[in-house]
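Here are my notes on the model below. Please read them with the structure open.

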Amino acid sequence: MISRITASAIAALFVAGSAMAASPGSSSAGATGGTDAARGMSASTVGTGAGSTTPGSTSGVAGSGGSAAAGGTSASSLGLGATSTTPSETSSSMGVGGSAASANGGHVMSHSGVHGNGNAMNGQSMDQAHQQGGVWSKSHTQMHMHQGQLSTRTKSMAHEPGGPPVKSTTGSSVDLGR
């Protein structure tokens with residue numbers, strides 16, 4: 001079974017990785033991303049997963065998250081899923097969320113949701129902010145849990161005119177072999 005301490009540590013890792021995008025040019029172990037400090041853009045993602053199998057029980061957790069920022073826009077998304085199985089019970093949970101912001105009256109879109117039941121769950125968070133002139137930030141996290149397999153993927157991107165966008169993508173999966 002996943003302990004509260006483990007879940008808290010994973011959540012702290014996501015927050016730290018998401019905060020990385022707020023400071024162009026920064027880097028940290030476990031976080032991947034792109035920056036273009038000359039144009040003020042950054043994107044970073046982080047993902048992790050762990051599983052445990054003993055005779056008669058399994059448990060696992062997987063998650064990923066990311067952030068992107070360019071100009072007066074920013075977007076972040078995050079997903080975390082966990083499952084635990086004993087000989088008599090199975091329990092699973094999943095959460096996704098995100099946010100986006102834009103200065104100067106830009107367009108913002110943020111949608112998150114989880115669907116399914118204890119046997120198969122899917123979730124995603126799509127978050128983006130746009131400003132006139134081609135400045136935008138996007139972050140998209142997808143999560144899947146089905147029959148002891150947990151997987152997650154996050155892609156974050158930021159763009160300002162004058163060149164290609166910066167991108168960061170990460171994924172994580174855990175197979176509990178049920």
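1. Start with the open sheet. Its five strands run in the order β6-β7-β8-β9-β10, with antiparallel pairing. Strands here are DSSP runs of E, at least two residues long, and helices are runs of H or I, at least four residues long, both numbered from the N terminus. Two strands count as paired if DSSP finds at least two bridges between them. β6 (107-116) and β10 (166-175) stand at the edges; each has a single partner strand, so one side of each is left without a neighbour in the sheet. From one strand to the next, the twist averages 0°. Angles run from 0 to 180 degrees between N-to-C directions, with axes as lines fitted to C-alpha atoms.

2. A word on the source. This is a predicted model, in which local features need pLDDT of at least 70, side-chain atom pairs count only at pLDDT 80 or more, and totals for chains, interfaces and linings use all residues. Residues are numbered from 1 along each chain as its sequence is written, and side-chain values use heavy atoms, with hydrogens and water left out.

3. Look next at one pair inside the sheet. Strand β7 (residues 120-131) pairs with β8 in the antiparallel sense, over 12 bridges. Q131 has V135, in β8, as its bridge partner.

4. Which strand holds T141? T141 sits in β8 (residues 135-146). T141 counts as buried because its relative accessibility is 0%. (Buried means under 20% relative accessible area, exposed over 50%, partly exposed in between, with a 1.4 Å probe and protein chains only.) The T141 side chain makes a polar contact with the side chain of S77, at 2.7 Å. Such a contact is a pair of N or O atoms within 3.5 Å; within protein, one must be able to donate a hydrogen and the other to accept it, and residues adjacent in sequence count only if both atoms are side-chain atoms. Leaving out residues up to four places away in sequence, T141 touches several others, including S64, G79, Q124 and R153. Contact means heavy atoms within 4.5 Å.

5. S67 belongs to strand β3 (residues 57-70). At 4% relative accessibility, S67 counts as buried. Its side chain makes a polar contact with that of S76, at 2.6 Å.

6. Finally, the whole chain. Of its 178 residues, 39% count as buried. Among contacts between residues at least 6 apart in sequence, 54% join residues at least 24 apart.
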